[in-house]
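Have the sequence and the 3D view ready.

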Amino acid sequence: MSLSITASYFKAAVSTLFYPAYTLRCLVCKTLQKVILTAILFVAATNVATEEHEPKFLKAVEQYFDRAAKYSDASEETLKHIKSTDSVLSVTFPVEKNGKVVMIRGYRSQHSRHRLPCKGGIRFSSAVDLQEVEALSALMTYKCAVVDVPFGGGKGGIMINPQEWTEAELERITRRFTLELCQKNFIGPGVDVPAPDVGTGAREMGWIADTYRNFNPQDVNGAACVTGKALSLGGVRGRTEATGLGVYYGVREFLAFPEVQERIKHHGKVEDTSVIIQGFGNVGYWASKFFESNGAKIIGIVEHDYAAYNLSGLNIEQLSLWRKEHGSFKGYPDAQILDNPMALLEAECDVLIPAALERQIGLRNAHRIKAKLVGEAANGPVTPGADQVLLKSGKVVVPDLLLNAGGVCVSYFEWAKNLSHLRFGRMNKRWDERSKGQLLALVEGNAGRPLSEVERRQLIHGAEEHELVYSGLEDTMIVACNETRQTAIAKGIDYRTAALANSINKIAASLAGSGSIFTNA
């Protein structure tokens, strides 16, 4: 595995030598050293967990699909259609850095266009390759279907380490990649809508939106070409924390299922549940905040360099501020700091949430996982072989395509907001408050006692945008979790297979309903 991954980056870097117009000006040696170093670090992290023969990410997704397909109602021909990737765009372009030219490689995969637009993030990472992008776009297809978001699956990535580039250089790279997407019709409110992912955020989404607008000034719905934007550019309140909040809602629902409580011997409530989270980026941070605020004890946070552990519970905000100020958990006074962070994944806890990279639990460490429930907040953190080990040992695994769907759900809300050109709650908030106020006056009259001003404001308060977003996300997760549970019980299968089978059936129904003018005689 390590040789094949390193070789792929080596070939990608060396290929820049042969770009005819820029051969003499490329900083190949320096770039190659950084790319190979990043690849080696990535391989070292995943090799702690995985065996050499375990499938890579794309093959793992396909294995999960094949397992679920047996429990679906789709025909063999339809399954082939659903499994295949529709379109892939691969581009290279030159960017100047320190007076020299570096060749940048980017990808965009549209796995399925059974519903449009395609939807999926754009990541900036030295580990990006075509196989990873295809796997993630497939996962997005199934993810959208399982939570009833009317999108096809897409994913994109640029093979750079964003920490090695200045803000001005990142802007040029982002805008140039967006230009490539515009020229090839791989972006647009009704075609393909990117979002933030690893290494990107609201800033990059703003650059994408502005570039698209300049090339499509007549598109009145142009703001909907990308989601995850800042509020000032048409973003929606609640998008930043959406994935972490969805993780909380999903775990909460599964803990409440009687069969889960029986299987893992748990009381079924979030309160006093011990949680370890791997990853302290956007998803890990917000998931830990929501668990903490609802009474759970976050006893461990795992990062790539250090892990923080406190059996009595960590103060998430203090730990976050320390890391921002010092660059890592090292030296944090209110926790035991471990310099072998992966070992904390194997500690005793009720819930383990991998919220970092794929392939973090494999055949090398799955048998040592002591958590009762594993919630996949990252994409593909558990390999197929490890998944079977966890299930056979009596653990519950809540799959990624369901648990981390909060981001795409709220992206859907933002997209709908941009198309309607209207903030959620703007038309009805005051009407709701006035109606509640009139009803409350009748209640006060019958009760013979007026309410205090504080009580009155609490009772008649009309929903703000973020409250409507939270409500919509909570309802979506509750429905999807219960659908997954019902299928798992009815067919006697695990939750991942059940969620994927539901997803396949929904996609197959969409394909059958729309028909085909090309494949049928």
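What follows looks at a helix, the nonpolar cores and the cysteines.

## About the model

This is a predicted model, in which local features need pLDDT of at least 70 and side-chain atom pairs count only at pLDDT 80 or more, while totals for chains, interfaces and linings use all residues. Residues are numbered from 1 along each chain as its sequence is written, and side-chain values use heavy atoms, with hydrogens and water left out.

## Helix α6

Helix α6 covers residues 167–183; helices here are DSSP runs of H or I with at least four residues, strands are E runs of at least two, and both are numbered from the N terminus.

Several α6 residues are buried, including L170, I173, F177 and L181 (under 20% relative accessible area, 1.4 Å probe, protein chains only). The buried residues of α6 pack against β1, β2, β3, β4 and α7, with contact meaning heavy atoms within 4.5 Å. Just after α6, N185 takes a positive phi of about 60°.

## Nonpolar cores

The largest nonpolar core has 87 residues (buried Ala, Val, Leu, Ile, Met, Phe, Trp, Tyr and Cys joined through side-chain atoms within 4.5 Å). Helix α5 gives the largest share of this core, 9 residues. Apart from it lies another core of 25 residues, among them I173 and F186.

## Cysteines

The structure holds 0 disulfides (pairs of cysteine sulfur atoms within 2.5 Å). For C144, the nearest cysteine sulfur is that of C409, 8.3 Å away. C144 is buried at 0% relative accessible area.

Note on methods
The expected span of a helix is 1.5 Å times one less than its number of residues. Buried means under 20% relative accessible area, exposed over 50%, partly exposed in between (1.4 Å probe, protein chains only).
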